[in-house]
Structures are given as C-alpha cells and as structure tokens.
Amino acid sequence: MRTFYVTTPIYYVNAEPHLGTAYSTIAADVLARYHRLKGEDVFFLTGVDEHGENIQTLAAEKGISEQELCDQMAPMFTKLWKKLNLSNDIFLRTTSELHKRGATKFLNALYKTGDIYKGKYDGYYCRRCESFYTERELAESKNCPVHKLPVEWVEEENYFFALSKYQDGLRAHIRANPEFIQPESRRNEVLNVVESGLKDVSISRASVSWGIPLPFDQTHMTYVWIEALCNYITALGYGEDGEKFHKYWPANVHMMGKDITRFHAIIWPAMLMAVNLPLPRQIFAHGFVTNQGEKISKTKGNVIDMDTLIGEFGLDAFRYFFLREFSFGNDGDYSQDRFVLRYNADLANDLGNLLNRTLGLVSKNFGVIPEPTTPGEFDDEVKGIARETIDQVDALMGQLAFDMALEKIWEFVRRINRYVQQTQVWSLAKSEETKGRMGTILYNCMESLRTIAVLISPFVPDTANRIRQQMGLDECFENQGLDTVSEWGGLPSGKTVGKPEPIFPRKDTKRKPRHAASSQTEQIATENLISIDQFQSMDLRVAEVIAAERIPNADRLLKLQVDLGSEKRQVVAGIAAHYSPEDLVGKQIVLVANLKPTKIRGIESQGMLLAASGKKELAVATFEKRLPPGTQVR
Ligand code: MSP
C-alpha cells in the first residue's frame, strides 16, 4: 500500500494556539484526509516544541518549572486540534522520552560523521526567534526580520555543524528536484541563499539550561531548532522502531509557514545528508494569515476569535473558508465580510440549495432514490464533468492548491444547479410520461452530490457525512474512498432518502448604513467587494422576449415568456409601470438564468431580468446588436 507522511511544524508552547497556527494544521489535516481517501496509508504528525530559552524565560516569569509550563500549555493545543476535527496520528511533545531518545541518537550519529566541531560563534542573535542572523538578513536598522525588534551581538563557545560542506550537494538536489521546495518563489529564495554561500551553523547553546543536553558534551544544550527538526523522525521512532521509520520516511511533505523555510529547506536536509538519510520529498511553505495586513500572532495581540466564528458559522464553514479564500502559498488577509459572503454564496446557496432542492423533489415525487431509466439532454455532459472534476481535483491536491481544488468542486456544484434549471426538472412531475425523465435527472443530481460529498470530505468532513445521511446512505465517509466515485452509477436506486434539512442555514449579512445618495445615483460600494468567482457564479444569458402580458390585480407586474436558445422560461418582472407588454416582445434582454425559481403572486418566475432603476426611471438592459438567444453575458 502506498504511504503518505505529512507533517506540520511543531508549535512553541510559549503562547496559546491561534488562527495562524490552526491554519497550518487544518491544511495538513485536509491533505492527510485526502490521501486516506485515495486509499493510502497515511501518517500525519503534529506536535509542540517545548524546549529553549523562550520557554525557560516564561517559566521563570511565572515562577513555575519549565516542565510545569509545558504540561499546562500542551493540552491547549490538543484541545483545539480536537475541536477543529484534526485527524493527526500522533501529537509529539519534544519533552517526551520518545523524542529525547530519538534526538539524542540522531545527534550521536551526526557527531560520528565528523561534521561537528567546537568553535566560537559571534553574530546577531534574536532571542525571540532563538536564531542567529547574518547582517544581510537583518531588516532595516539592524532589527530582526521577523519581530522587527533589535538583535543582540552574541559571542559564545558553541558546537557547530559543518553546513558549508553540504552547499554543493544541496544546490544540486534543489536544482534536480523542482518539487523539493515549493512554491516556486520560496524555491528561488532558498536557491539564492545556498548559492551565495552557506556558513556553518551553531547547534548548541551554553547559556540555555532547558533542553536536551548534547550527548557528546553534557555541559551544552542542543540548540532548540536542531532538536526540533529531529521531531520529524523521532515521531517515527527513529533509531528504535525500525518498522515505522522505514515505512514512512522520507516524509512526502513538510508543511510550514514561510518564516521558517530556511531551517527546513537548508539546515534539515543538510543534516540528513550528513547522516545518509533520504531527504523529505517536499518542503512546502505557506503564506501568513494576516489581519488588516499584519501577521496574526499572540505577541501582536491581533488574533481572531475562533470560538465565535465556529460558534456562529460551524466548524466546517471555518475550515472551508481559510482553505478556499487564500491561495496556500501566499498571504491572505482575513475579513469577516468575506467570511459571511463565502458562507452564503458557496455553502448556503450553491451547495446547500442543490442538496435541499434535489432531496425535496426526490422525497416529494419518489420517496426513494429513483432509477435512471430515461437518459436525455445534458446527462453525458454532467457525467463527463464529474470525471473531469475528480481528475482535476487530484492534480490540484498534488500541488497543494487547496483553493483551486475547491473552486473546481464548486464549478461542478454550480453546473449541477444549472442542470436542474436547464432541464426544469420540477415541471416534469405532471405526467407519468415525463416522470421517468424526472427520476433520471434527479438520480444524476444525487449521483453528482455523492461525488461532491466524497470530494469535499477532506475539507468539511462533518458536512460530507450529513449530506450522505440526508441522501439515505448509511456508511460514513471514512469508509468511502475516492474509488467509490470513480465509476458513474454507484449510487443505489431504491433506497429511502432522508429528511432534507439545511446544512448551512443562510446568515444575514450585517446591513451597513446606506451612503447618502448623491442626486439619482447611489454611491458605488467600495466595501463588501465580491471576487471574480462570485461574479462568475451568476449565469447571465441573452434572452429574447417572445410574449408578454399584464397580470390581473398586479399593477406593477408583467409576465414574460423568454427564449434562452436551449429552453423557454417564464419570468415575472416588476416593470409594468414603465413598459407595456407590446414594447417588450422581440427585445433581447439580460436574464439571470441560475436564480432559484420563485412564485410571485402565485405565478412561477424562472429567472430575473436586469434593469437599471433610478428614483423615477427604469430601463431594461438590452444589447446593441442581435445575438443568438442563450449567449452568455460576462
Ligand atoms: N517551533 C517552531 C517550529 C519548529 S518546526 C521543526 C516555530 N513555532 S511557532 O509556533 O512559532 O510557529 C509555528 C508555525 O506557525 C510556523 O510555520 C509559522 O509560520 C506558523 N504561523 C504562525 N502564525 C501564522 C500566521 N498568522 N499565519 C500562518 N501561519 C503562521 O516556528
């Protein structure tokens, strides 16, 4: 069986976990779940980094021992990870015996290579990063590039690792393996650093007392970063449980934030090269979650309250938002407005409505999953898109392009919503003749939903299960691999469907005070901006008015019959005060074609036309030349 080993950084326990740290861990969880879905034997590691000077200082400030501090802090992480429904196979603590034993063995192995020597170190040191920086790496006015705080000039007797020896080997490896460091921007950065010359690095701290002593000189503590990096192998029982180590090492991907790429992409691989261990297959550095442009961190005090967000919108919406909204390799600025917009547009509207509508029609007209007896227009296209979506999602997940994978899935969701519209499936219940076709369309919708549920399950596991339950399928998703949707038609007909319930109840967008209107035109919104994807989720079409009539007892309404090329629609529009029916016949208008049908004064309206309306005037949007009905408007 193929294995897949994914890791997150191990988090310092000198601060509680926050959204920034949760972001890495959720992403790793999604990847782990996706590979399990593919039938692979996955090992997902996360944990905490408990040694070093920062912990020592904080424990002293609190008047407790370092171990007590770690024992208080570590459960905050495990509790949050549980709440976020993370599926890690191990939670490694660097104060655990497993880690201490493994790190000691690794340091001994490194020592044996002859690449470790004693020397004097002098350099710029940031105590918060617990890291030395070269003059070139320092930010303006000689501050630490991460904390933007002054660094100290430190001179110490330390042990060194001969990193410079591995410069050529590293360069060759990075060059020969384009996937080794991703995204590309980070790969280029690392290559630049390597090519401009590597200096040996110190691996011990004489002034720190909280850590793992160097096995070959107990008077020195191992530099926290050196033993922390070892966690990726100590968690597999390096040096003892040969089986697990050989099964999962090398890691398929080490995920981390871009601030710590250098440790993972230079120092760690060089140490592995030194002891002749295979290198991880990929180092992927993601961007930062920012709040108004500033990296979210406990020290900056700009954390976002996860409990409130999860309480209000649910865990799955929270997991979905951060992976859908931000491109994983880039920074992404958090905004509550964007959260609500995505929730309503993607989850409540696109996905929630598709499920609700499909199951509503199945329950009302069949009660059980219908038989697909009567193929017809669009069916093959839908089946083809299902297959394509599975393949494209797989390729995108391979690139850790979570946002694009979700977009692909949602394109499919929106296509099925359009299929419902195009086939006007609700209108086929009228006669026994058309009922076979109705059942087939609904079967196809449900089969699509089953595929969608499998594909979204790594991102929103509970939602996937709820969809499945509502569809009347009993087995939960943990047992539903990707192979169960690889062939169209795996959905069993004849099963009783469950009760449709909204999976993402719509949330009211907070009403903002309206801007004062200047003359006829209201100020154009510069807040609550929508993305191109949201705009593209609207299916706008050229529609030709073929008939129009007034509606008795409704002065403002006209009932229009419009031609959309592949189908005819009925639309009710509130334009009777401005147009008489005969003005409209023959006009080509813009129709929002994927709007949920609704009843206005008891008359079904299957779309909405676009018109500009001021205080007095109203004008229906038309085209300056004639176009085939159904042409898309972008
Ligand atoms: N202990 C080291 C890692 C050792 S790994 C062998 C460490 N810990 S940390 O707690 O400071 O940070 C852990 C990770 O959280 C880093 O990858 C960092 O980039 C990430 N994040 C912290 N704040 C973040 C955001 N606001 N956004 C995204 N990730 C961020 O470094």
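Analyst: A strand here is a DSSP run of E, at least two residues long, and strands are numbered from the N terminus. The model is predicted.

User: In which strand is the place of Ser204?
Analyst: Ser204 falls within residues 204-205. That run is a strand, and its name is β9.

User: Is Ser204 buried or exposed?
Analyst: Buried means under 20% relative accessible area. Ser204 has 0% relative accessibility, so Ser204 counts as buried.

User: With which side chain does the side chain of Ser204 make a polar contact?
Analyst: Ser204 is in contact with residues beyond its sequence neighbours, among them Glu156, Asn158, Leu214 and Thr222. A polar atom of the Ser204 side chain also lies 2.9 Å from the backbone nitrogen of Tyr159. The side-chain partner, at 3.3 Å, is His220.

User: How far from a nitrogen atom of the ligand does a backbone N or O atom of Ile10 lie?
Analyst: A polar backbone atom of Gly257 is 2.7 Å from a ligand oxygen. For Val289, a polar backbone atom is 2.9 Å from a ligand nitrogen. For Ile10, the distance from a backbone N or O atom to a ligand nitrogen is 2.8 Å.

User: How much of the accessible area that the ligand has on its own does the protein cover?
Analyst: On its own, the ligand has 670 Å² of accessible area.

User: How many residues of β12 are buried?
Analyst: Both faces of β12 are covered. Val253, Met255 and Gly257 are buried on one side, and His254 and Met256 are buried on the other. Of the five residues in β12, the number buried is five.

User: Over how many bridges do β12 and β13 pair?
Analyst: Strands of a sheet pair through backbone hydrogen bonds, either parallel or antiparallel. β1 runs parallel to β12 and is joined to it by two bridges, with Val6 opposite Val253. β13 (residues 283-286) also pairs with β12 in the parallel sense, and Phe284 is the bridge partner of Met255. The number of bridges between β12 and β13 is four.

User: Which strands stand at the edges of the open sheet of three strands, each with a single partner strand?
Analyst: The sheet has the order β15-β14-β16, with mixed pairing. Each edge strand has a single partner, so one side of each is left without a neighbour in the sheet. The edge strands are β15 (294-295) and β16 (332-334).

User: In β15, what is the bridge partner of Thr290?
Analyst: Strand β14 (residues 289-291) runs antiparallel to β15. Two bridges join them. In β15, the partner of Thr290 is Lys295.

User: How far apart are the C-alpha atoms of Gly498 and Gln469?
Analyst: Gly498 sits in the loop between α17 (461-470) and α18 (532-536). Its contacts beyond sequence neighbours include Ser363, Gln469 and Gly472. Gly498 and Gln469 are 29 residues apart along the chain. Their C-alpha separation is 6.6 Å.

User: Is Gly498 buried or partly exposed?
Analyst: Buried would need under 20% relative accessible area. Gly498 has 22%, so Gly498 is partly exposed.

User: What percentage of the residues in the chain are buried?
Analyst: The chain has 19 helices and 26 strands. Its C-alpha trace spans about 95 × 60 × 45 Å along the principal axes. Of the 634 residues, the buried share is 55%.

Conventions. Residues are numbered from 1 along each chain as its sequence is written. This is a predicted model: local features need pLDDT of at least 70, side-chain atom pairs count only at pLDDT 80 or more; totals for chains, interfaces and linings use all residues. Side-chain values use heavy atoms; hydrogens and water are left out. Two strands pair if DSSP finds at least two bridges between them. A polar contact is a pair of N or O atoms within 3.5 Å; within protein, one must be able to donate a hydrogen and the other to accept it, and residues adjacent in sequence count only if both atoms are side-chain atoms. Accessible areas come from the Shrake-Rupley method with a 1.4 Å probe; for residues, only the protein chains shown count as cover. Buried means under 20% relative accessible area, exposed over 50%, partly exposed in between (1.4 Å probe, protein chains only). Contact means heavy atoms within 4.5 Å. Lists of a residue's contacts leave out its neighbours within four places in sequence.
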